[in-house]
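Dear colleague,

Please find below the structure that I am handing over to you.

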Amino acid sequence: MNDQGIDSNKPMATAYGCYTVHENASLLDRTTFRVPARAATLIDVHEFDAVPGLLEEAATQNREVLILGGGSNVLFTRDWPGVVLALRTRGLDVIEQHVPGTPGDAALVRAAAGEVWDDFVHWTLAHGLRGLENLALIPGSVGATPIQNIGAYGVEVGEFVDAVSAYDRTTNSIVRLDRAACAFAYRDSLFKHESGRYLITAVDFLLPRQRELRLDYDGVREELAAMGVGVADARAVAHAISRVRTRKLPDPVTTGNAGSFFKNPIVSADLAAALKSEYARMPTWPLADGLAKLSAAWLIEACGLKGFREGDAGVSDQHALVLINYGSASGAQIWALARHIQQTVLTRFGVALEPEPLIV
Ligand code: EPU
């Protein structure tokens, strides 16, 4: 509090037509980890048209810009001295009701980057479209989903992305990147490799009306049976997946977390086979090109770290891949815990774990 009675820590918000500026803003409620951090300037953008001007202004002032979506895949270990742009643009549209040449008929739909992912999934199901049901209840915004190619229960979002519209900060123009250009792979895409270059504005999805449901992932059929569903439709699958997720994963609304903290590691098939001969129960999934995927959760649990806790930073006792802020952990404490896990798994198994969220 200064001598005019102004609290310099109190954020000030100024609303302009299509964006709102907060100076010295808390980011605590802006990420699902709920760690304390501040942005020198936080701007909520409601209309994309404001973005080029805001980026230009930041560049003129030599201030670094960070783009924030739903905040479910970022860990702040420090304050952000520049500008945080939070994209809150909304809009869901059916662009083409019937896309000729698609097997079993499909629709092309466009979702603005700021739409809430799970709401969008349910909107597609209500329109009689299939494909995204296995991705129900994943936290975050639509615009963030192509970046890490979100995936769950046997489906990856990249399968259904027709194109991504993005503002290219190197050319200051809007570009349309088709699925091939997005270079989707397991928890990976062009947007991870060209970090900071593209600001995703909207995503087009090509969604079939008829499609065999994917029920093979462990536990999905069992959940449908427990719900008393005989012949499942896509909405029942979304419901079943939501139930499984709720049971298996801590809810970011009540418990600070960002879902899986590490990717499942991809190693040589030889290393996977050598580990498997020593640890017969270790899950492995063969991949092409002499590679195999291991279960990061299994490796962490085998090191005795499931449920491990240091102060308010811990490993979930529900799922070993999820790091938790039990209350007042800082981002730096969570990151220190993550590095301890990486080191322990590396020493024990010779496998390097790669974090999934963006670490600031
Ligand atoms: N496992 C353990 N201990 C645990 C949890 C799992 O040993 O605490 C082993 C079990 O053998 C289990 C296997 O790991 O069978 C796989 O577990 P799970 O089905 O939970 O899948 P996951 O590979 O650990 C991935 C995604 C999740 C997604 C699930 C379901 C990654 C990094 N994570 O986890 O995504 O929900 O599959 O499809 O690929 C997320 O990205 O935030 C996320 C939660």
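**Ligand site**

The ligand lies between domain 2 (92–207) and domain 3 (266–359), because both give residues to the shell around it; domain bounds come from an automatic or database domain assignment. Please note that this is a predicted model, in which local features need pLDDT of at least 70 and side-chain atom pairs count only at pLDDT 80 or more, while totals for chains, interfaces and linings use all residues. Residues are numbered from 1 along each chain as its sequence is written, and side-chain values use heavy atoms, with hydrogens and water left out.

The shell holds 24 residues, of which Tyr 153, Arg 187, Tyr 217, Glu 301 and His 319 come nearest to the ligand (a residue is near if one of its heavy atoms lies within 4 Å). By class, the shell has 11 nonpolar, six polar and seven charged residues. Here Ala, Val, Leu, Ile, Met, Phe, Trp, Tyr, Cys and Pro count as nonpolar, Asp, Glu, Lys and Arg as charged, and the others, Gly among them, as polar.

Oxygen atoms of the ligand lie 2.6 Å from a polar backbone atom of Tyr 153 and 2.8 Å from a polar backbone atom of Ser 260. For Asn 264, a polar side-chain atom is 2.8 Å from a ligand oxygen. On its own the ligand has 810 Å² of accessible area, and the protein covers 83% of it (Shrake-Rupley method, 1.4 Å probe).

Two or more shell residues come from each of β9 (151–152), α6 (234–248), β14 (256–260) and α8 (296–302); helices (H or I, at least four residues) and strands (E, at least two) are DSSP runs, numbered from the N terminus. The largest share, three residues, is that of α8.

**Second largest pocket**

The lining of the second largest pocket draws at least three residues from each of domain 1 (12–87) and domain 2.

Yours sincerely

Methods. A polar contact is a pair of N or O atoms within 3.5 Å; within protein, one must be able to donate a hydrogen and the other to accept it, and residues adjacent in sequence count only if both atoms are side-chain atoms.
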